[in-house]
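Here are my notes after a look through this one. Have the viewer open while you read.

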Amino acid sequence: MRKSRFTEAQTIGMIKEQEAGLPTAELCRKHGLSPATFYKLKAKYGGMDLSDAKRLKQL
């Protein structure tokens with residue numbers, strides 16, 4: 001499997017930015033990813049904190 005360009009911390013940070021009110025199109029342009037990729041990451045990591053993501057990776 002291909003390694004992700006973004007760490008879990010970066011991904012969760014991007015999701016928090018979008019939840020804070022930054023438009024999705026601007027967020028994707030800023031970080032250099034497509035909206036489809038963002039929504040896929042949001043489906044996987046949405047609602048998690050960094051500690052939750054680390055625990056998920058350990059399992």
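1. Start with Leu33, which sits in the loop between α2 (24-31) and α3. Bear in mind that this is a predicted model. Is Leu33 buried or exposed? Its relative accessible area is 11%, and the cut-off for buried is under 20%, so Leu33 counts as buried.

2. Who does Leu33 touch, once residues up to four places away in sequence are set aside? The partners are Phe6, Met14, Cys28, Phe38 and Leu41. For a sense of distance, take Arg5: 28 residues separate Arg5 from Leu33 in sequence, and their C-alpha atoms are 9.9 Å apart in space.

3. Now look at Ala9, a residue of helix α1. Its relative accessibility is 39%; buried would need under 20% and exposed over 50%, so Ala9 counts as partly exposed. Pair Ala9 with Ser34 and you get 25 residues of sequence separation, with 18 Å from C-alpha to C-alpha.

4. On to the overall fold. The protein has four helices and zero strands, and reading from the N terminus the order is α-α-α-α. Among the contacts with a separation of 6 or more, 55% are between residues 24 or more positions apart.

5. The C-alpha trace spans about 35 × 25 × 15 Å along its principal axes.

6. As for the surface, the accessible area totals about 4,500 Å². Carbon and sulfur atoms own 55% of that. Buried residues account for 25% of the 59 residues, and Leu33 from point 1 is one of the buried ones.

7. How many residues line the largest pocket? The count is 17, and those nearest its centre are Lys3, Ser4, Arg5, Phe6 and Leu41. Two of these names have come up already: Phe6 and Leu41 both touch Leu33.

8. Which elements give two or more residues to that lining? They are α1 (8-19) and α3 (35-45). The biggest share comes from α3, with five residues.

9. Lys3 and Arg5, two of the residues nearest the centre, fall in the charged class.

Terms used: Residues numbered from 1 in each chain as written. Predicted model: local features only at pLDDT ≥ 70, side-chain atom pairs only at ≥ 80, totals over all residues. Heavy atoms only, no water. 1 Å grid on protein atoms, 1.4 Å probe; cavity = no way out; pocket = protein on both sides within 12 Å on 5 of 7 lines; lining within 4 Å. Buried < 20%, exposed > 50% of the residue type's maximum accessible area, 1.4 Å probe, protein only. Contact = heavy atoms within 4.5 Å. Areas by Shrake-Rupley, 256 points an atom, 1.4 Å probe, with all protein chains shown as cover.
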